[in-house]
Amino acid sequence: QAWIDRHIGKIHASLKAMAKGLADKPFCSGIHLSLADIAVGCALGYLDFRHADRNWRSERPALAAWYATFAQRPSMTATVPG
């Protein structure tokens, strides 16, 4: 359990860093995404897929809003796990 708790702490620290990094940046709705945008989007999608019960959105509304926009991209909707 200690190992799991340690990794959950790392997830929370990563979410905090992502939220801070995106706090004052508008979402890039055009075709010019950075690799960081894609990495954050994929990480958040993975959390939804594997850890839906964690509800990361409630504590990070700005990050949740960013992801809601990102998740609507055709490349994201086409690759949602079944």
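Ala, Val, Leu, Ile, Met, Phe, Trp, Tyr, Cys and Pro count as nonpolar, Asp, Glu, Lys and Arg as charged, and the others, Gly among them, as polar. The model is predicted, so local features need pLDDT of at least 70 and side-chain atom pairs count only at pLDDT 80 or more, while totals for chains, interfaces and linings use all residues. Residues are numbered from 1 along each chain as its sequence is written, and side-chain values use heavy atoms, without hydrogens and water.

**View A. Lining of the largest pocket.** The largest pocket has a volume of about 250 Å³. Of its 14 lining residues, Gly45, Tyr67, Met76, Val80 and Pro81 are the closest to its centre. Two or more residues come from each of α2 and α4 (74–77), and α2 gives the most, six residues. The lining divides into eight nonpolar, five polar and one charged. A pocket is an open set of points on a 1 Å grid over the protein atoms alone, with protein on both sides within 12 Å along at least five of seven lines; a cavity is a set where a 1.4 Å probe fits but cannot get out; lining residues have an atom within 4 Å of a point. Points are joined across faces, edges and corners, and a volume is the space filled by probe spheres set on them.

View B. Helices (H or I, at least four residues) are DSSP runs numbered from the N terminus. The 21 residues of α1 (residues 2–22) should span 30 Å at 1.5 Å a residue, which agrees with the 30 Å between its end C-alpha atoms; the expected span is 1.5 Å times one less than the number of residues. Ile8, Leu15, Met18, Ala19 and Leu22 are the buried residues of α1 (under 20% relative accessible area; exposed is over 50%, partly exposed in between; 1.4 Å probe, protein chains only). They fall within an arc of 100° seen down the axis, so they line one face of the helix; the arc is taken from the directions from the axis to the C-beta atoms. On the other side, Ala2, Trp3, Lys16, Ala17 and Lys20 are exposed. The buried residues pack against α2 (35–50) and α3 (61–70), with contact meaning heavy atoms within 4.5 Å.

**View C. The largest cavity and Asn55.** The structure holds one cavity of 30 Å³ or more, and about 50 Å³ of space lies in the largest cavity. Its lining is Ile8, Ile11, His12, Leu15, Leu47, Arg54, Asn55 and Trp56, with the largest share, four residues, from α1. Asn55 lies in the loop between α2 and α3 and has a positive phi, near 45°. At 46% relative accessibility, Asn55 counts as partly exposed.
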